[in-house]
Amino acid sequence: MIAPFLAPPKMQNAALAKPTYSPEPTPRRPLEVALLYGAAGIAAFTAIAYELLLASYTTFLMGASVFQYSLVISLMMASMGVGSYLSKNWESRALPAFLFIEIVLAFLAAVSIPALYYSFYSGIPPYFVLSFAVIGIGVIIGMEIPLISHLTRSDDALPKLLFFDYFGGFIGGLAFPIFLLPVLGFFKMAAVLAACNAGLALILLVPFRHSLSHSRRWFVAITFTLILSITAYIFADDLRRWMELNLFEIYDVTYSP
Amino acid sequence: MSLTVLKGQRKRPSIFRITLYTLSVIASGCGFVTQMLVAGYWSTAFSNDVLFFSVSTAFYFLSLGLGSLNSTRWKFARVEQLFGLTLFLCFWTGLSIIMLKYGIRTKGEIFLFPLAIVFVSGFVSGQIIPLTIRLSKNDVPINLGTLFFFDYTAAIAFTFLFTFVLLIPLGYQNTSLVLSYTCLAATIGLLIACRIRSKAAWGLTLFALVGPAAGTLLLKHAVQAPTFRGGLKGETAKVLINEQSHYQKIVFTEELGSNPFHPTTPEHILYLDGFIQFNSIYEQNYHFCLANIPAFVAEDSGAPVKRALVLGGGDGLVARNLLGIKSIEHVDQVELDPRMIELARTEPHLRKYNRDAFHDPRVKLIAADAFRWVREAPRGVYDLIVIDFPDPKNVTLSRLYSSEFYSYVLPLLSAKGVLSIQSGPVFELTDPEHLTLSRMPTTIIKTLASIRQDSYVYYNPRDHDAFVIATRDPQFDMERFAEKSGIAESPHHSNLCKYRKYWRVPAVETNTLNTLTLTEYLLDWYASAGGAYFERSGNYAVFLPE
């Protein structure tokens with residue numbers, strides 16, 4: 001299923017015979033570079049929010065905040081390192097690879113919180129599910145910046161790109177305790193972040209669609225992911241209450257005593 | 001600073017590359033663990049873990065970004081710069097916790113201190129990767145993905161070593177020193193391997209070697225716990241126990257003269273993480289409400305308590321009261337902190353107050369996490385369960401007041417079993433008439449209601465502590481019981497405990513593991529009271545984690 005998306009474009013005619021990313025590529029236009037900086041910021045925003053989301057939710061479920069935050073953040077950073085290392089293999093197909101990982105990230109993020117809550121209830125060790133979520137999300141977010149960096153086609157853009165990366169992280173870290181957690185709660189937040197990743201993929205797809213061989217398929221896949229994420233947001237509270245009721249028999253008490 | 005280009009670096013690319021990678025790894029690990037230590041220390045001291053971990057992580061990222069941006073201003077990149085940054089980071093890391101302690105000790109809870117420490121750490125670390133990339137151009141260019149791989153992998157290695165292995169036995173301050181000197185040792189090794197003879201580099205090495213130790217010695221006296229000020233007038237109190245266990249800071253004090261009617265009777269107070277656990281003069285009232293009233297309820301239902309479970313209450317005072325009940329045959333005592341159990345068994349004053357409850361053969365001591373324990377405990381065997389956890393000042397404690405937790409606890413009760421819960425402050429302070437129930441007991445009642453369990457609240461009029469009680473007996477009538485036992489709020493009844501039927505109740509959310517709103521309610525209550533005890537008493541230094 002995935003292979004056709006990530007494969008280099010088929011050589012149907014002479015015009016398509018050249019690779020999508022030539023050894024000496026033409027420099028990006030300033031607007032395109034600015035868009036990539038923005039993408040790095042959004043990617044970092046969601047990345048830090050995922051770290052804090054998983055660390056906080058694990059603390060909510062299992063307590064011991066210092067242990068959980070240290071475990072989740074360091075494990076995620078190590079996974080990011082692996083992701084960053086793996087991204088080397090996809091440099092020649094940076095754009096489709098980036099779009100693909102954003103879609104996978106959106107799905108992983110959306111299911112991680114309900115999966116953790118279920119594992120807490122069931123006999124499945126929550127740390128097993130947590131490790132799966134942290135490593136999965138960590139590897140993917142580790143790929144984001146090197147791939148975007150490659151898309152900029154310039155080494156000089158790296159410090160600025162890193163600045164936007166870190167600045168996005170800063171905003172994400174501030175937004176988490178002030179807005180994301182108190183206003184949205186865990187289930188809705190996971191859906192919102194998934195929608196952010198799908199939206200980011202869409203934002204990059206539109207201006208760079210000409211360098212893709214299956215841009216329509218990508219458009220359908222990303223739009224589908226975005227719609228699913230929005231649906232998840234709409235039904236997040238219902239899902240939470242449904243799980244609470246069916247797993248722990250917690251009823252929704254709408255009145256105060 | 002006089003900087004010289006590393007001689008022979010082109011001839012020996014392997015050493016040069018090892019140096020680059022290793023320094024980058026050291027700096028990343030050092031900066032990251034410093035941030036974790038500072039965030040951990042602050043959140044342990046001041047409870048609000050989610051907020052502070054998030055904000056400090058945010059500032060760490062911002063400072064990394066600004067550091068990265070700052071590196072673009074340099075015209076030249078030299079390996080000595082990298083050494084300089086790493087050495088400064090070693091120095092800063094070693095001083096981070098002692099500086100934080102000093103800041104709290106002298107100025108109190110100012111959010112800016114930890115953020116400033118994290119910011120400097122991140123700003124220096126943030127310059128390392130761009131610098132490494134530029135330096136590598138002189139040699140074999142380093143792939144960005146590879147560099148990130150090493151840097152991020154270092155973070156997990158450092159975190160495991162310093163926050164999981166060393167933090168508990170050594171404490172925050174010593175861990176920061178060990179981290180600093182470990183990094184310094186590795187950096188000195190590389191300086192020697194690279195044959196760097198720059199005076200500036202070695203001067204900075206000396207600075208990083210002496211600085212943390214000297215700074216710690218210099219500030220150690222200033223951050224040492226001062227004489228404990230207790231009582232209403234701030235009399236000097238004797239600190240009998242002041243130690244950091246794996247789970248909490250345990251402080252036990254002795255004061256004389258705080259009670260005007262008994263000036264020679266010593267008043268002993270146990271504090272856990274700065275919050276009063278019991279006060280020897282007034283605790284009888286509290287424990288009577290918490291343990292004996294529910295035992296009367298069980299007796300009233302025709303099922304006298306034979307087998308009881310105590311969750312929390314490691315001081316042994318609930319167990320003492322339960323052992324005083326004639327019908328009691330067995331008490332299971334579940335306490336998280338083994339050190340607290342040991343103190344309750346061995347410390348002479350605590351033994352006197354708990355009347356050696358933990359030496360009684362009817363008491364079975366279990367050192368375990370209550371949440372984990374209740375999930376596997378035998379069902380339907382306890383006639384009385386007493387929950388005496390500290391107030392839910394952080395989410396770790398708030399979990400123990402959640403619907404999910406109670407859904408595991410209730411099935412442990414026998415057919416007419418009774419559950420009693422320590423429920424924090426009873427009055428909402430914004431209502432001077434004291435007619436409004438505070439949000440903490442209100443939430444606990446609503447949380448029990450969410451799992452289809454009726455409950456009632458009564459309070460200790462001396463300290464205004466609320467207690468929530470729930471029974472499995474469907475015939476139980478609280479009003480009748482209150483009248484019969486003499487706890488109904490009326491001028492004719494005793495002042496030991498008071499039950500009031502009608503309250504003004506605030507709007508609250510159910511406390512489930514997905515929301516844990518109780519911590520926010522409690523911290524709001526403390527804010528309206530002018531801060532928690534440890535914040536108001538001026539005894540910051542005593543209560544700070546080690």
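Reader: How many helices and strands are there in chain B?
Author: Chain B comes to 19 helices and 13 strands. Those are DSSP runs numbered from the N terminus, with at least four residues of H or I for a helix and at least two of E for a strand. Residues are numbered from 1 along each chain as its sequence is written, chains are lettered from A and ligands numbered from 1 in the order in which they are written. This is a predicted model, where local features need pLDDT of at least 70, side-chain atom pairs count only at pLDDT 80 or more, and totals for chains, interfaces and linings use all residues.

Reader: OK, what are the scores?
Author: The model has ipTM 0.84 and pTM 0.84. Chain B averages a pLDDT (the predictor's confidence in each residue, from 0 to 100) of 84, and 89% of its residues score at least 70.

Reader: Where in chain B does pLDDT stay under 50?
Author: Over residues 1–12 of chain B, for which the model has 20 contacts beyond four places in sequence. A contact is two residues with C-beta atoms, placed from the backbone, within 7 Å. Where pLDDT is low, the predicted coordinates should not be read in detail.

Reader: And chain A, what's the secondary structure there?
Author: Eight helices and zero strands, so to speak α-α-α-α-α-α-α-α along the sequence.

Reader: How much of each chain is buried?
Author: In chain A, 53% of the 257 residues are buried, and in chain B 54% of the 546 residues. Buried takes 20 or more other C-beta atoms within 10 Å of a residue's own, exposed 12 or fewer, and partly exposed is in between; the C-beta atoms are placed from the backbone.

Reader: Switching to the interface: how many residues are in contact?
Author: 54 residues of chain A touch 62 residues of chain B. On the chain A side, the elements giving two or more residues are H2 (30–62), H3 (65–86), H5 (126–152), H6 (158–208) and H8 (236–248). H6(A) gives the largest share, 18 residues.

Reader: Is Thr159(B) buried or exposed?
Author: Thr159(B) is buried, because 24 other C-beta atoms lie within 10 Å. Thr159(B) is in helix H6 (residues 144–193) of chain B.

Reader: Which residues is Thr159(B) in contact with?
Author: Leaving aside neighbours within four places in sequence, Thr159(B) contacts Ser70(A), Ser74(A), Val33(B) and Met36(B). The C-alpha atoms of Thr159(B) and Cys30(B) are separated by 9.4 Å, and the two residues are 129 residues apart along the chain.

Reader: Now the strands. What's the order in the sheet of eight?
Author: E8-E7-E6-E9-E10-E12-E11-E13 in chain B, an open sheet with mixed pairing. Strands pair if DSSP finds at least two bridges between them. The edge strands, each pairing on one side only, are E8 (363–367) and E13 (498–499) of chain B.

Reader: How many bridges join E7(B) to E8(B)?
Author: Five, and E7 (residues 330–335) of chain B runs parallel to E8(B). Gln333(B) has Leu365(B) in E8(B) as its bridge partner.
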